[in-house]
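Let's take a walk through this structure together, from the overall layout down to individual side-chain pairs. Have the viewer ready and follow along as we go.

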Amino acid sequence: MPGIFFGMFFLVFFLILGMIVFNLIKGIQQWNKNNHSPRLTVPATVVARRSDVSHHHHQDANGIGHTSSSTTWYVTFQVASGDRMELCVGGSEYGMLAEGDFGDLSFQGTRYLGFERRQKL
């Protein structure tokens, strides 16, 4: 029985380690792709906004637990061709953008750089 336990332990350990390494490599590849993408500014309209709240439960060595949360904000833009892209934005940018806003969207790959409102022509 101890052999089965240790085998399962190492299997789960390496599976989790593999997922962490995979996500790390995937993140580095996306970062590199964004860095090699051109910086573009295009007319766009804000068509949707959403937030993703993650809750984390922690427990210290004394058995005392606490909860923390983090929020990630996303805005979906539609460009003149009808294509839509959802970009991650900061909280202050999220608060300043409203559905229906029209302006110039600046981005690099999947990286949001800014949005400057203007009047529709």
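A salt bridge here is a side-chain nitrogen of Lys or Arg within 4 Å of a carboxyl oxygen of Asp or Glu. With that in hand, look at Arg118 and Asp104: their closest N and O atoms are 3.0 Å apart, and the two form a salt bridge. Arg118 sits in the segment after β5 while Asp104 belongs to strand β4, so this pair ties together parts that are 14 residues apart in sequence. Arg118 is partly exposed, at 32% relative accessible area, and Asp104 is also partly exposed, at 23%. Please keep in mind throughout that this is a predicted model.

Now for the overall layout. The protein has 2 helices and 5 strands, and from the N terminus on they follow the order α-β-β-β-α-β-β. The radius of gyration is 21 Å, well over the 14 Å that the globule rule gives for 121 residues, so the protein is more spread out than a compact globule. The box filled by the C-alpha atoms, taken along the principal axes, is roughly 75 × 35 × 20 Å.

What share of the residues counts as buried? Of the 121 residues, it is 19%. Among contacts with a separation of 6 or more, 48% come from residues 24 or more positions apart.

Val21 is partly exposed, with a relative accessible area of 40%.

Ser68 makes a handy point from which to look around strand β2, which covers residues 65-79. At 29% relative accessibility, Ser68 counts as partly exposed. What does Ser68 contact, leaving aside its neighbours within four places in sequence? The answer is Ser54, His55, His56 and His58. Ile20, by comparison, is 48 residues from Ser68 along the chain, and the C-alpha atoms of the two are separated by 22 Å.

The hairpin of β2 and β3 has 4 residues between the strands, and its Gly82 takes a positive phi near 95°.

Let's return to the charged pairs. The structure holds 3 salt bridges. In one of them, the side chains of Glu86 and Arg50 meet at 2.8 Å, N to O. Because Glu86 lies in strand β3 and Arg50 in strand β1, the pair ties together parts that are 36 residues apart in sequence. Glu86 is partly exposed, with a relative accessible area of 37%, and Arg50 is partly exposed at 38%.

Another salt bridge brings together the side chains of Asp101 and Arg117, at 2.9 Å from N to O. This pair links distant parts of the chain, 16 residues apart: Asp101 is in the loop between α2 (91-96) and β4 (102-108), and Arg117 is in strand β5 (residues 111-117). Is Asp101 buried or exposed? At 15% relative accessibility, Asp101 counts as buried, whereas Arg117 is partly exposed at 40%. That brings us back to the pair we started with, Arg118 and Asp104.

Key. Residues are numbered from 1 along each chain as its sequence is written. This is a predicted model: local features need pLDDT of at least 70, side-chain atom pairs count only at pLDDT 80 or more; totals for chains, interfaces and linings use all residues. Side-chain values use heavy atoms; hydrogens and water are left out. Buried means under 20% relative accessible area, exposed over 50%, partly exposed in between (1.4 Å probe, protein chains only). The radius of gyration is taken over C-alpha atoms; the globule rule is 2.2 Å times the number of residues to the power 0.38. Contact means heavy atoms within 4.5 Å. Two strands pair if DSSP finds at least two bridges between them.
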